[in-house]
Amino acid sequence: MKFKYDVIVIGGGHAGCEAACASANMGAQTCLVTMDMNKIAQMSCNPAVGGIAKGQIVREIDALGGQMGLVTDATSIQFRMLNVGKGPAVWSPRAQCDRGKFIWEWRRHLDATPNLDIWQDQADELLVENGEAIGIRTIWGAELYAKCVVLTAGTFLNGLMHIGRRMVAGGRIAEPAVPHLTESITRHGVSTARMKTGTPVRIDKRSVHFEDMEIQPGESRPYQFSYLNKGGALKQLPCWTVNTNEEVHEILRSGLADSPLYNGQIQSIGPRYCPSIETKLMTFPDREKHPLFLEPEGEDTNEMYLNGFSSSLPMDVQINALKKIPALRDMKVYRPGYAIEYDFFDPTQLSHSLESKIIKNLFMAGQVNGTTGYEEAGGQGTMAGINAALKAGSAASGSKSESAIDTTRFVLHRDEAYIGVLIDDLVTKGVDEPYRMFTSRAEYRILLRQDDADARLTEKAYELGLVKRERYEWWLEKKQHIEEIETFCQNFAIKPKLINSALEALGTTPLQFGCKLVDLVNRPQLNLQNLAEIIPQLKEVLNRPQNRREEIAEAAEIRMKYKGYIDRERIVADKMHRLENIKIKGHFNYSELQGLSTECRQKLEKIQPETLAQASRIPGVSPSDINVLLVLLGR
C-alpha cells in the first residue's frame, strides 16, 4: 500500500506529537507513524513536566500554539514554581502528572487536530532519492511518501536495555527496538553515535512507610502552564522525600562489579546532570547520604517513581539496598531500574531549521539529536514540524498576508526563546553527552522569563498561521491589561501624608516627597498586591481583567521592577544581532585561510556556520579568528 502526505512524522513521543500537531495546524497533510497508539507521548521516565529552564520551554511551546502545556494542565496532580527565592529570570514551573491520563489527553488533542492521520506501524527504512527524503517503508510493507519527513524516534534506534549483566534489545521496557532505520540513514553519509540514559525503580505505595518520610506539598496558588488557562480538575497529591544512608551505599558498592556502567558493558555516555545512583557513589565517595524523591504516578494508581535512584545495577542489588532505608523496609517493586543505549545523530549535521544538511527534506527532533527530556524534545518537535510544513509549501489559512516572518523557514534566536538557545547549541556546538537545558545556558535570561513567553512568541506564531485568531486575541487582551497597569503606575501620583503610615507598617521607608506609584512598586518590600490593599484606585485597576488576574499583575510587576535590567540586556542582544546579520556561509574556503588557527579552520569547515555570530559560538573559534573573518569580509 502507498500513501502520500505533505509531512510524515516518525515516532509518537513528545517531539513527534508536537511536530505532528504543528505541521497539521500549519495546513500540511500530516501522518504520525507510531508503534503503539496506546502509548502516545508516553512519559518513559519521570511523570513530570517542567523544571529549571524546562518549564520555560513548555511555556514557549504553548505560546507557539503547541499542546504540552494544555495537556500538562489537564493532567497535573501537583504544581510547583521552582526558584521563587531568586529573581524572576530563573523562576521555573514544574508539574507532576498522571502518567496514564497524560497519554489519553494527548490522544484527545491529536484526534481533534485537522489534517492529521495516525498510522500504527514501525518505520523500517527511510526512502531517499537524489539526496532527498521522499518517504518511509514500514516493517509491514506500507510505503508512505511525503515532501518532508520528521524523525523523532527517541531511544528506539537500535535500543539496548541493561539490568546488571543482562541485556535485552528494546526501545523502552516491554517495547521492541527499531533495528534497521539508523542504517538506512547513515548509508547516505549521516554520522551516528551512541548515548545512554536510565530510569529508576517503580514502587508499590502500599508497601511504603510514609510516616518515616518528609512530605513535599505542591503550591497553594493555582499556577498553570498554558497561557490559555483552561485548567484541570485532578486531585492534587503530595510528593515525599527521604535520604539514602551508608548501609544502602555499602550494598550498592558490592554490586559495582556487575554494573554495566563499570564493567565495560556500556561504552556510551550518560546524562551528566541526571546521574545514576552508582555514578553518584563513585563521583562523591565522601557523601554519607543522597536525597531521593518519591513521586506519585497518578491519581488512581499505587505505582510511585523514586526520583534520584536511576540505576542499571542487578535487580537484587537495587532492591536489597533500598530496603535499608527505614521508610522502604517492606518495599515491593513493580520493576527495577534499567539503563538503555540508543543511536543518535550528530546535530551539527543540521541547520537551524532542524533540516539535515546531508539529506534534504529530512528533519530531526528530540533524543535522536542528542538531547534528554520531554521538554527539550517537545520544543524541537514544534520547530521541526513548523519548518517541515513550510518546506512542504503549506500555506496556513490563518496567517497574515503581510508578515515580517520568513515563510520559508522559522528560526528562533538566542534572545527570543530557550528553544532558540537549545537548537543553536545543538547545531553549533554539537553534543558529547545527553544535552539538558539549564537557565545558565542562556545569556539573556532576563529576556527569556517564564512569564513572558507569549509576549515573545505568540504574535510570531499568529503570523505563521500556527496560532489561530482566538488565541491571538487572548494574548492581545492580556497585553492590553498589562500595559494599563504599567501606565497607571507610571502616572498615579503618591502623596506622603496619605501613605507613610502604611509604608512603615509594610517595613519600608516613608516618603519625604511625592512620587509616582511605579517608584513604590520598585521597592523590594512592596508589590502590587500589598500596595493594592492601601491604594483603592490600584485595586480597581488590578481587578479589571476577568481572567488571569494574578498572572497579569505578576507580569506587569516584573516588567516594572526589572525594567533597567531588561533594557540593558536588550541593548547587549541587539549588538549581537549585528553579527547575526553578517552572513558568511559560502563565502570562504576555510581550509585555505592561513590567518585562522588550525582548530578554527577545522571547526568552521565541519559546521559551516551561517552567520558570524554562530561562528563566534563554536568551541575553538577565538575572538581573534572572528576579527580575521571581519577583515576578510571588508568590515
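Where is Asn-158 found? Asn-158 sits in the loop between strand S9 (143–151) and strand S10 (160–163). Helices (H or I, at least four residues) and strands (E, at least two) are DSSP runs, numbered from the N terminus.

This is a predicted model: local features need pLDDT of at least 70, side-chain atom pairs count only at pLDDT 80 or more, and totals for chains, interfaces and linings use all residues. Residues are numbered from 1 along each chain as its sequence is written, and side-chain values use heavy atoms, with hydrogens and water left out.

**Two asparagines with positive phi**

Asn-158 is not a glycine, yet its phi is positive, at about 50°. Asn-361 also is a residue other than glycine, and its phi is positive, near 70°.

**An open sheet and its helix**

Three strands form an open sheet. Their order is S3-S5-S4, with antiparallel pairing. Two strands pair if DSSP finds at least two bridges between them. Strand S3 (48–50) and strand S4 (76–82) are the edge strands, and each pairs on one side only. From one strand to the next, the twist averages 15°.

S4 and strand S5 (residues 92–97) run antiparallel and are joined by six bridges. Arg-80 stands opposite Arg-94 in S5.

Helix H3 (residues 68–75) lies across S3, S4 and S5. H3 runs at about 115° to S4. Axes are lines fitted to C-alpha atoms, for helices over the stretch in contact (heavy atoms within 4.5 Å). Angles run from 0 to 180 degrees between N-to-C directions.

**The second largest pocket**

H3 returns here. H3, helix H4 (99–111) and helix H12 (469–491) each supply at least two residues of the lining of the second largest pocket. A pocket is an open set of points on a 1 Å grid over the protein atoms alone, where a 1.4 Å probe fits, with protein on both sides within 12 Å along at least five of seven lines; lining residues have an atom within 4 Å of a point.

The second largest pocket is lined by 21 residues. Gln-67, Leu-70, His-109, Leu-228 and Lys-230 lie nearest its centre.
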